[in-house]
Each structure stands twice: as structure tokens, then as C-alpha cells.
Amino acid sequence: MPSEVIIPGFVVIAVLLVVSVYAVSTLTSTISELASAVRAQGESVAKLYNRVEVLEVRVNGYDNVTSTLDLTILVENRGEDPIYLMDKCDLIVEYSSVDSKVVARRLRYGDEWSIEYVIIAGNFSVPFEERRFVGSGEVGAIRAVFSASDIDLGKPFKVVFVSHYGTRGSKWVFYSA
């Protein structure tokens with residue numbers, strides 16, 4: 001008689017244990033997927049509220065001997081969060097080469113471009129080394145000096161700035177010497 005109660009009870013307990021393990025694993029995977037969706041939504045919202053605009057690109061000069069192009073680029077932070085991880089930002093120059101190919105060059109921060117100063121308001125600016133970020137509504141003055149031996153300066157070229165938030169701004173430039 002005891003085996004008639006013990007064996008079915010053991011089977012019921014085993015089934016409940018298997019069902020509970022399955023329920024816990026399903027719940028865990030659902031929570032993980034929900035966390036990933038919330039994280040992705042947060043990144044999308046950050047991109048909406050963190051915008052940059054390339055206001056102006058000035059060509060300071062082109063050295064024919066060293067094939068070096070010297071640019072000053074004004075980038076405004078129109079987002080709510082400051083831009084501060086400059087080594088995670090990208091500065092890209094897209095241009096036509098003399099043999100009519102399109103070249104896209106990602107310039108290296110620190111070597112080929114850097115932020116010289118930040119325009120806080122009107123004509124008031126501070127050196128970038130003093131503050132190390134471009135706040136909301138402020139303008140970063142970028143200096144880019146890089147080799148572009150195959151650039152066709154008779155055609156316009158494009159400067160693209162991408163912040164560490166993933167937002168980007170660009171401007172077409174036409175150089176007339």
C-alpha cells in the first residue's frame with residue numbers, strides 16, 4: 001500500500017520540478033530579451049536627443065609640396081548631453097581623387113585632428129584642454145591636418161563628424177584657391 005502512494009507522489013513531485021525549472025528558464029530568457037529591448041530603445045532615444053551639426057568648414061590651405069590639407073571645422077552640439085569621448089568620435093573626409101574615384105578617409109584623433117577650443121557663447125571661447133568636453137549648445141572648433149595627395153580640389157568634398165553617441169553631421173565644401 002505505501003508504494004501505491006509513494007510512487008505516484010514521487011512522479012508528481014518530479015513533474016512539478018521539471019515544470020518549475022522550465023518556467024524559471026523561460027522567465028529568465030524573457031527578462032533578458034526585455035532588458036535588451038529597453039537598452040536598444042534607450043540608445044534610440046539618446047540618438048534623438050543628441051544631435052550634432054557641422055556649421056562651417058574652412059580650408060586654411062593646401063600644401064602642394066607635402067600634399068597636406070589644413071581644415072578648420074566648427075561642430076555644434078545640439079544635443080542635451082556633452083560630447084567628451086573624442087577618441088570614440090569620427091571625423092571622415094569624402095573626396096574625389098584625381099583619377100575620379102571616391103575616397104573616404106577616417107582621420108585619426110590626436111594625429112590628424114583635434115579640438116582646439118570650445119565656443120561657449122558669442123565670441124567667448126575656452127581651450128579644449130581646459131574643459132575637455134563640448135556642452136549642449138556649444139561649438140567645438142576642430143583643426144584637421146592630413147595628407148591628401150590624390151584629392152581633386154576642383155570638385156567639392158564632404159566632411160562628416162560622428163559623435164560617440166552615433167549621431168552625425170556633415171557639410172559639403174568647395175575649395176577655391
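Analyst: Let's start with the word cavity: on a 1 Å grid over the protein atoms alone, it is a set of points where a 1.4 Å probe fits but cannot get out, and a lining residue has an atom within 4 Å of a point. This is a predicted model in which local features need pLDDT of at least 70 and side-chain atom pairs count only at pLDDT 80 or more, while totals for chains, interfaces and linings use all residues. Residues are numbered from 1 along each chain as its sequence is written, and side-chain values use heavy atoms, with hydrogens and water left out.

User: Happy to start there. Which residues line the largest cavity?

Analyst: The lining consists of Val75, Ile83, Met86, Ile115, Val134, Gly140, Ile142 and Phe161. They qualify because each has an atom within 4 Å of a cavity point. The structure holds one cavity of 30 Å³ or more. The largest cavity contains about 40 Å³ of space, a volume being the space filled by probe spheres set on the points, which are joined across faces, edges and corners.

User: Phe161 is in that list. What makes the pair of Trp113 and Phe161 edge-to-face?

Analyst: Rings of Phe, Tyr and Trp (its six-membered ring) pair if their centres lie within 6.5 Å; planes under 30 degrees apart count as stacked, over 60 as edge-to-face and the rest as tilted. The whole structure has two aromatic pairs. In one of them, Tyr109 and Trp113 have ring centres 4.8 Å apart and planes at 65°, so the pair is edge-to-face. For Trp113 and Phe161, the centres are 6.1 Å apart and the planes stand at 90°, so this pair is edge-to-face too. Trp113 belongs to strand β5 (residues 113-121) and Phe161 to strand β8 (residues 157-162), so-called by number from the N terminus, strands being DSSP runs of E with at least two residues and helices runs of H or I with at least four. The two residues are 48 apart, and their pair links distant parts of the chain. Tyr109, Trp113 and Phe161 form one aromatic cluster.

User: How do you know whether Tyr109 and Trp113 are buried or exposed?

Analyst: Buried means under 20% relative accessible area, exposed over 50%, and partly exposed in between, using a 1.4 Å probe and protein chains only. Trp113, at 1%, is therefore buried. Tyr109 has 27%, so Tyr109 counts as partly exposed. Phe161 is buried, as is Trp113.

User: What makes β2 and β7 a pair?

Analyst: Two strands pair if DSSP finds at least two bridges between them. Strands β2 (residues 68-77) and β7 (residues 139-147) have nine bridges in the antiparallel sense, so they pair. Asp70 stands opposite Val145 in β7. Both strands belong to an open sheet of five strands, in the order β1-β2-β7-β5-β6, with antiparallel pairing. Its edge strands, β1 (52-63) and β6 (124-127), each pair on one side only.

User: How many bridges join β3 to β8, and how many join β3 to β4?

Analyst: Five antiparallel bridges join β3 to β8, with Asp90 opposite Val162. Six antiparallel bridges join β3 to β4, and Val93 has Arg105 in β4 as its bridge partner. Five of the seven residues of β3 are buried.

User: What makes the phi of Ser100 worth a look?

Analyst: Most residues other than glycine have a negative phi. Ser100 is not a glycine, yet its phi is positive, about 65°. Ser100 sits in the loop between β3 (90-96) and β4 (102-107), and its 55% relative accessibility makes it count as exposed. Arg132 also has a positive phi, near 65°, in the loop between α2 (128-131) and β7. At 40% relative accessible area, Arg132 is partly exposed.

Terms used:
1 Å grid on protein atoms, 1.4 Å probe; cavity = no way out; pocket = protein on both sides within 12 Å on 5 of 7 lines; lining within 4 Å.
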